[in-house]
Amino acid sequence: MIHQGSPTRDFMPINQTRTEGSHDQGFGPMTSKSAAENKYPDPPPVKPGWLELTQAVFNHSVARWDKENCDGGLHWQIFTFNAGYNYKNSISNGCFFNIASRLARYTGNSTYADWATYSPYWMAYIHGGGKCVNRTDTQWSYNAGIFLQGAAVMCNLTRSDVWKTWTDGLVKQPLKEFVKDGVIFKPAREPARGCDLNGSSFKGYSIRWLVSTIKMAPHITDTIYPIMQATATAAALACSESDASFRGLPGTACGFYGQINAGLKDSSVLGNKCCYRRYSSAVCKTKETAGIQGYPYEEPRKCLEKGYVQGGGNPETNTCGTTGLKNQPQSRNHPKTKWKKITLT
């Protein structure tokens, strides 16, 4: 992250600057802001701190806000010579809103709060029929998530009914559009397994921002948490053995069924992190967590291979169980649910 911060201290590294888009630059400060919020040690004194890096990109974005076209907004591309410069997309503007809202809460500076109010209202204006042409309405899970987290942060900061209404409203559509059988799902891509490396990571971002929403707006916990729990279970069950191209630790190349991609692991890790924080145990564990209090060991992958999906089982004997099995002995830390037989396609 320090390298990507670059000598210019603005997440425009020399090896990427010519082709870097607004959204590319925007993911850097969201990461550095997380480091600041979680009190991760700052880089050495000769390097910019996490807050400074975040503020620098915010200032870049304000300077690039274009009121001459569509009455506002950030272009997808930073430089006019790159294809797509004339496109103003949700994720680029979502990054800006997300950064502004979190800077507002972190620093108390009203300038950040003003932009955190102005930018999403501009988005709402455009989607309500504003002056842009050729609008596309393709739904992307990370777009929904990034605006939801920003609204939840503003709700937490202001305690305003307006931002509570935004948060409550923004959570409804993604949980309707991107959830199938209680699990985060990408309807536009997943059925055909058509995600590229970028698209494969979108669910991970969405889960990260949904978990953050719970922290910022606890009143919405009961809406989000069950989906996080089910998604964490599904992601863990879809873990596969690593193939030769994977350079991480063996057995950690996790994704959703049929894919091996280290980038997908974010979905599993963050969903499970949410579960672990709320309860002393969660459903799917690994050998590394065996023996730790609250982390009883079982092998969900073996159950998956046998044609079962998560629904319980016996963590004391590592058995998968069957539909209708009753009076199954349970660990005191384990939910009293059952494994169900399915047919894998």
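This is a predicted model: local features need pLDDT of at least 70, side-chain atom pairs count only at pLDDT 80 or more; totals for chains, interfaces and linings use all residues.
Another of the pairs is formed by Trp 163 and Trp 166, and here the geometry is tilted, with the ring centres 5.4 Å apart and 45 degrees between the planes. Both residues are in helix H7, and because they are 3 residues apart they are separated by about one helical turn. An α-helix has 3.6 residues a turn, so residues three or four places apart point the same way. Trp 163 has a relative accessibility of 6% and therefore counts as buried.

Aromatic residues also gather in a group, for Phe 58, Trp 65, Phe 96, Tyr 112, Trp 115, Tyr 118 and Trp 122 form one aromatic cluster. Two lysines, moreover, are placed over aromatic rings: Lys 33 lies over the face of Tyr 106, at 3.4 Å from the ring centre, and the charged end of Lys 180 sits over the ring of Phe 185, 4.9 Å from its centre.

In soluble globular proteins, nonpolar side chains tend to be buried together. In this model the largest nonpolar core has 36 residues, and those with the most contacts inside it are Phe 58, Ile 146 and Trp 163. Helices H2, H3, H4, H5, H6, H7 and H8 (197–216) each supply at least two residues of this core, and H4 gives the most, with 8 residues. The surroundings of Ile 146 can be followed in detail: leaving aside neighbours within four places in sequence, Ile 146 is in contact with Met 30, Ile 91, Gly 94, Cys 95, Asn 98 and Trp 209. A second, separate core of 14 residues includes Leu 175, Val 179, Ile 207 and Ile 224.

Helix H5 deserves a separate look. It runs over residues 110–127, and its 18 residues reach 26 Å from the first C-alpha to the last, close to the 26 Å expected at 1.5 Å a residue. At its N-terminal end H5 is capped by Asn 109, a side-chain oxygen of which lies 2.8 Å from the backbone nitrogen of Thr 111. After the helix comes Gly 129, whose phi is positive, near 115 degrees. The buried residues of H5 are Tyr 112, Ala 113, Trp 115, Ala 116, Ser 119, Pro 120, Trp 122, Met 123 and Ile 126, and these pack against helix H3 (50–64), helix H4 (90–107), helix H6 (141–158) and helix H7 (161–177).

Arg 9, in the loop between helix H1 (2–5) and helix H2 (22–37), has a positive phi of about 60 degrees although it is not a glycine, and its relative accessibility of 30% makes it partly exposed. Asp 71, which lies in the loop between H3 and H4, likewise has a positive phi, of about 65 degrees, without being a glycine, and with a relative accessible area of 27% Asp 71 is partly exposed. Gln 77 is found in the loop between H3 and H4, but at 8% relative accessibility Gln 77 counts as buried. Not counting residues up to four places away in sequence, Gln 77 touches Thr 19, Glu 20, Gly 21, Ser 22, Asn 82, Ala 83, Gly 84 and Tyr 85.

The last stop is His 219, in the loop between H8 and helix H9 (221–237), which counts as partly exposed because its relative accessibility is 41%. Apart from neighbours within four places in sequence, His 219 is in contact with Lys 164 and Asp 168. His 219 and Lys 164 are 55 residues apart in sequence and 9.5 Å apart in space, C-alpha to C-alpha, while the side chain of His 219 makes a polar contact of 2.7 Å with the side chain of Asp 168.

Notes: Residues are numbered from 1 along each chain as its sequence is written. Side-chain values use heavy atoms; hydrogens and water are left out. Helices (H or I, at least four residues) and strands (E, at least two) are DSSP runs, numbered from the N terminus. The expected span of a helix is 1.5 Å times one less than its number of residues. Buried means under 20% relative accessible area, exposed over 50%, partly exposed in between (1.4 Å probe, protein chains only). Contact means heavy atoms within 4.5 Å. A polar contact is a pair of N or O atoms within 3.5 Å; within protein, one must be able to donate a hydrogen and the other to accept it, and residues adjacent in sequence count only if both atoms are side-chain atoms. A nonpolar core is a set of buried Ala, Val, Leu, Ile, Met, Phe, Trp, Tyr and Cys residues joined through side-chain atoms within 4.5 Å. Rings of Phe, Tyr and Trp (its six-membered ring) pair if their centres lie within 6.5 Å; planes under 30 degrees apart count as stacked, over 60 as edge-to-face and the rest as tilted. A charge sits over a ring if NZ of Lys or CZ of Arg is within 6 Å of the ring centre and within 35 degrees of the ring normal.
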